[in-house]
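Me: I would like to learn how to read a helix in a model. Please take me through one.

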Amino acid sequence: MDLKRLRLRLTLGYLGISALILTLVLVASVVGFSWELIEQQDTLLIQEARTQSRNVLRDEDRPTLAEDSSAYGWVALDPEAMVTARDPASERLGLPDPGLARESFEKETPVSRTLQGEDGSVRVVSLPVYGDEEQLVGALQYAHSLRSTQERVNRLILVLLPLGLGGLGLGAIGGLLLAGRAVRPARDSFERQRVFIADASHELKTPLTLIRADAEVLRRSLERNGDQLLADDILSEVDRMNAILSDLLLVARLDAGKLDLKREVFDLSQTILKVAERFRSRAEAGGVALETPGEDRLLALGDDARTEQVLAVLVDNALTYTPPGGTVSVLARRTGAEAEATVRDAGAGIAEDHLPHVFERFYRADSARTPGSGGGVGGGTGLGLAIARDLARAQGGDLCAGNAPGGGASFRLSLPAC
């Protein structure tokens, strides 16, 4: 379990929710404020139109606007929506709007709409005007530039923006605190589990050592061949249990970040050759060809011994799943800033549904592959590949799995190159 990644995801989740809520609040505030300003402007325009309507239609005193004339304009229309009088600024503000006038005639009430004028958005109100006998005599349209409204909205946004950023900061801090509290039970449980595994593995190694010593003494004193075989079985199982305990201890050290790793320059090609020599006799016994790179140097940065341990796991798996007559190849090359070692087998490959899980601890995909020579990782604990990837990442590299184009599985170890 990667608790750091879990805490990061929870923090991002809390921050995302906070950002969404804050965004909705800010948008609602800005939209509400904008509509309130527009409604206020509509009310003022309607009042102004009603005040001046009779004067305009009777061709008496023209409307006089106290505010900036560049922001206001008016037109008078007859029942056919034809202009009978107008303000000089009206055309620049997008007046007249015959469609809006006809709509006000049909509804017999003032109607408003936002139009696009030469200088930007404009709010227009169309007021139907009736004569003495309640007969429709025309309409009066007033327009007001929304520039000042937009400026007021922009000022509001400038005020809300720092508040929003501050709210996001508080959301991030709160997310970290909440994520820390949410992860704490899992972290405590994980720590107790790690300590238990480390302590139990360490304590079990002592009696296993004694059992092995006694079994060796007992075997030397046995005379019958059958009894010696039984003693050999005991020694073999003790060695297997000891290897499992060593893996568990290594896992506990990796989880605790207490594994000592060297950071030195070493020749990855020579490390590959050393591992190949360890498995050469096994490959020959199983009728499998083991191909290795030449003597060219490939300098990498990391821990030579731990890299050898990773490669040993990969070659052991490759030999396990390669049938007699097949070939296991170990390739070495440099790609950019990385030194790579790729181990390929000639087995059936890894099933696609198992491929994402091969590096999970205690995951055993026996049904995904068919062992070619028996034994090996197929009957193990499912820790080998998980430990191998952890060791690779602890050195600043990585370990990836896939299927080779020509068939068989392919594992690629990458380390920082020098």
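Me: Where is the kink in α5 centred?
Reply: The bend at a residue is the angle between axes fitted to the seven residues ending there and the seven starting there. In α5 a kink of about 45° is centred on F279. Helices (H or I, at least four residues) and strands (E, at least two) are DSSP runs, numbered from the N terminus. The model is predicted: local features need pLDDT of at least 70, side-chain atom pairs count only at pLDDT 80 or more, and totals for chains, interfaces and linings use all residues. Residues are numbered from 1 along each chain as its sequence is written, and side-chain values use heavy atoms, with hydrogens and water left out.

Me: Which residues of α5 are buried?
Reply: Buried means under 20% relative accessible area, exposed over 50%, partly exposed in between (1.4 Å probe, protein chains only). An α-helix has 3.6 residues a turn, so residues three or four places apart point the same way. The buried residues in α5 are L268, S269, T271, I272, L273, V275, A276, F279 and A283. They pack against β6 (264-267), β7 (289-291), β8 (299-302), α6 (304-320), β9 (327-335) and β10, where contact means heavy atoms within 4.5 Å.

Me: What takes a positive phi just after α5?
Reply: G287 does, at about 70°.

Me: Is A348 buried or exposed?
Reply: A348 is exposed, because its relative accessible area is 66%. A348 sits in the loop between β10 (338-344) and α7 (384-394). Its C-alpha atom is 8.2 Å from that of T322, 26 residues apart along the chain.
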